[in-house]
Amino acid sequence: MKIGISNDHAGTELKFEIKAYLESKGHTVVNYGTDSKESYDYPLAGKRIGLAVKNKEVDCGIAICGTGIGISLAANKVKGIRAACVSEPVSAKLTKMHNNANIICFGARIVGIETAKAIVDAWLETPFENQQRHLRRIAMISEIEEENQL
């Protein structure tokens, strides 16, 4: 699988660890974030991963900032993106099953490396439940996006 990963300065170290972990499992990882600990704004990182997923440069995305919240807010501004901020594997699994989240976000100041790995594994290994109720709700989200275009 080709996975995009993006981060601000707070997520740099965790990004490198997750990138290596995914590559060890045979995934191709494309870096859209900063490689520095110098200040880098999470809206830029969120937009970059959102556009990469939207434009199908990658199959899905992982986004990391201090809390995971800011970068998820930014990524969700890209039309067609469903970025979920989670801090444990159960939510990661459920957001794939029910929301078909195409970007998973978490905070480097919130989760440790082992929890981050468990989040990524749960999200990547869980299939979307292609049920009518989930499809209907995702379509409703898309309608909200359409209604609010300038």
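So, to start: in which sense do strand 4 and strand 5 pair, and over how many bridges? They pair in the parallel sense, over three bridges, with strand 5 covering residues 103-107. One of the pairings puts two cysteines together: cysteine 85 has cysteine 105 of strand 5 as its bridge partner. Before I go on, keep in mind that this is a predicted model.

Five strands make up an open sheet, and if you walk across it the order is 2-1-3-5-4, with parallel pairing. At the edges you find strand 2, residues 28-31, and strand 4, residues 83-85, each of which pairs on one side only. Neighbouring strands in this sheet are turned against each other by 25° on average, ignoring direction.

Now over to strand 1 and strand 2. These two run parallel and are joined by four bridges. If you want a spot to look at, lysine 2 stands opposite threonine 28 in strand 2. And how does the chain get from strand 1 to strand 2? It goes through helix 1, residues 12-24, and this β-α-β crossover is right-handed.

Lysine 19 makes a salt bridge with glutamate 23, and their closest N and O atoms are 2.7 Å apart. Lysine 19 and glutamate 23 are four residues apart in helix 1, so about one helical turn separates them. For the structure as a whole, the tally is eight salt bridges.

Next up, helix 5, residues 113-125. This helix lies across strand 1 (2-7), strand 3 (60-65) and strand 5, and runs at about 165° to strand 5.

Last topic: the rings. How many aromatic pairs do we get? The count comes to zero. There are lysines sitting over rings, though. Lysine 96 has its charged end over the ring of tryptophan 123, 5.0 Å from the ring's centre. Lysine 15 lies over the face of phenylalanine 16, at 5.1 Å from the ring centre.

Conventions:
Residues are numbered from 1 along each chain as its sequence is written. This is a predicted model: local features need pLDDT of at least 70, side-chain atom pairs count only at pLDDT 80 or more; totals for chains, interfaces and linings use all residues. Side-chain values use heavy atoms; hydrogens and water are left out. Two strands pair if DSSP finds at least two bridges between them. Axes are lines fitted to C-alpha atoms, for helices over the stretch in contact, and angles run from 0 to 180 degrees between N-to-C directions. Contact means heavy atoms within 4.5 Å. Rings of Phe, Tyr and Trp (its six-membered ring) pair if their centres lie within 6.5 Å; planes under 30 degrees apart count as stacked, over 60 as edge-to-face and the rest as tilted. A charge sits over a ring if NZ of Lys or CZ of Arg is within 6 Å of the ring centre and within 35 degrees of the ring normal. A crossover is right-handed if, with the strands pointing away from the viewer, the path from the first strand over the helix to the second runs clockwise. A salt bridge is a side-chain nitrogen of Lys or Arg within 4 Å of a carboxyl oxygen of Asp or Glu.
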